[in-house]
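This report describes a chain by its folding pattern, its cores and a few selected residues. Please keep the sequence and the model in view while reading.

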Amino acid sequence: MRASTLFLGLALGAAFFVASADAQQAPAPAAAPVTPQNDPAYTYKTLRLNRAAFDALLAKPEDLLVLDIRRPDELIKNGGFPVYLSIQTKEVQKYLSYIPRDRLIVTVSNRAHRAGAVGDILAGLGFHVVGAIGVLDYQDEGGTLTKIAPPAPAATAAVAAPAAAPAAAPATAAK
């Protein structure tokens with residue numbers, strides 16, 4: 001009986017030791033937030049750039065073409081980079097002759113998805129695409145965007161003509 005009591009004591013002690021060791025372990029790490037570099041929805045061959053990589057490319061502007069494929073309303077709403085060629089996604093094929101082949105190309109959209117798709121198309125056509133970036137990702141990483149102010153509405157040129165003065169009544173001669 002004494003052996004069984006000893007065994008029970010050792011078993012309880014071991015269980016206590018294991019329980020207290022588990023309590024002292026660091027909590028399981030939280031799931032990593034989705035960042036531009038680990039976004040599972042980004043399925044393009046074009047490299048998705050982060051701010052540091054893009055800034056390094058911007059250091060040699062004579063070698064670089066920033067091709068912004070967003071709509072004008074997106075450029076106004078979100079801002080962009082100080083210098084870029086703007087060709088909307090649906091018109092890239094139409095304006096291929098405007099895209100220089102002697103430059104490194106970075107395609108730009110809001111979160112890099114459309115930019116990645118266009119980058120893949122351009123690379124397939126022989127352009128030297130080095131990456132895609134999203135302006136909102138760039139801003140989230142501390143980068144500064146250039147905001148574009150929309151033009152002021154034009155003043156209406158058609159000003160209402162003044163109402164014609166009533167015709168003077170013919171004078172009647174008094175007799």
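A polar contact is a pair of N or O atoms within 3.5 Å, where, within protein, one atom must be able to donate a hydrogen and the other to accept it, and where residues adjacent in sequence count only if both atoms are side-chain atoms.

## Basis of the model

The model is predicted, and local features need pLDDT of at least 70, side-chain atom pairs count only at pLDDT 80 or more, and totals for chains, interfaces and linings use all residues. Residues are numbered from 1 along each chain as its sequence is written, and side-chain values use heavy atoms, with hydrogens and water left out.

## Overall composition

The chain contains 5 helices and 4 strands, where helices (H or I, at least four residues) and strands (E, at least two) are DSSP runs numbered from the N terminus. Read along the sequence, these elements follow the pattern α-α-β-α-β-β-α-β-α.

Of the 175 residues in the chain, 27% are buried; buried means under 20% relative accessible area, exposed means over 50%, and partly exposed lies in between, with a 1.4 Å probe and protein chains only. The chain exposes about 12100 Å², of which carbon and sulfur atoms supply 64%, the areas coming from the Shrake-Rupley method with a 1.4 Å probe and, for residues, with only the protein chains shown counting as cover. Among the contacts (heavy atoms within 4.5 Å) with a separation of 6 or more, 68% are between residues 24 or more positions apart.

## The sheet and the helices on it

The 4 strands form an open sheet with parallel pairing, in the order E2-E1-E3-E4; two strands are taken to pair if DSSP finds at least two bridges between them. Strand E2 (85-86) and strand E4 (129-134) stand at the edges, and each has a single partner strand, so one side of each is left without a neighbour in the sheet. Strand E1 (residues 64-68) runs parallel to strand E3 (residues 104-109) and is joined to it by 5 bridges, with Ile105 in E3 as the bridge partner of Leu65.

Helix H2 (residues 51-58) packs on the sheet and touches E1, E3 and E4, its direction making about 125° with that of E1. Helix H4 (residues 113-124) also packs on the sheet, touching E1, E3 and E4, and its direction makes about 150° with that of E3. For these angles, axes are lines fitted to C-alpha atoms, for helices over the stretch in contact, and the angles run from 0 to 180 degrees between N-to-C directions.

## Nonpolar cores

In soluble globular proteins, nonpolar side chains tend to be buried together. A nonpolar core is here a set of buried Ala, Val, Leu, Ile, Met, Phe, Trp, Tyr and Cys residues joined through side-chain atoms within 4.5 Å. The largest such core has 12 residues, including Phe54, Val66, Phe81, Val108, Val135 and Leu145. E1, E3 and helix H5 (135-140) each supply at least two residues of this core, and H5 gives the most, with 3 residues. A second, separate core of 11 residues includes Ile69, Val92, Phe127 and Val129.

## Arg70 and Asp68

Arg70 is found in the loop between E1 and helix H3 (72-78), and it counts as buried because its relative accessibility is 0%. Its side chain makes a polar contact of 2.8 Å with the side chain of Asp68, and it also reaches the backbone oxygen of Gly79 at 2.9 Å. Not counting residues up to four places away in sequence, Arg70 touches, among others, Leu75, Ser86, Val108, Arg114 and Val135.

Asp68 is found in strand E1 and likewise counts as buried, at 0% relative accessibility. Leaving aside neighbours within four places in sequence, Asp68 is in contact with Leu75, Tyr84, Leu85, Ser86, Ile87 and Val108.

Arg103 lies in the loop between E2 and E3 and, at 31% relative accessibility, counts as partly exposed. The C-alpha atoms of Arg103 and Glu62, which are 41 residues apart along the chain, are separated by 8.0 Å.

Ala112 lies in the loop between E3 and H4 and is buried, with a relative accessible area of 0%. The phi of Ala112 is near 80°, a positive value in a residue other than glycine.
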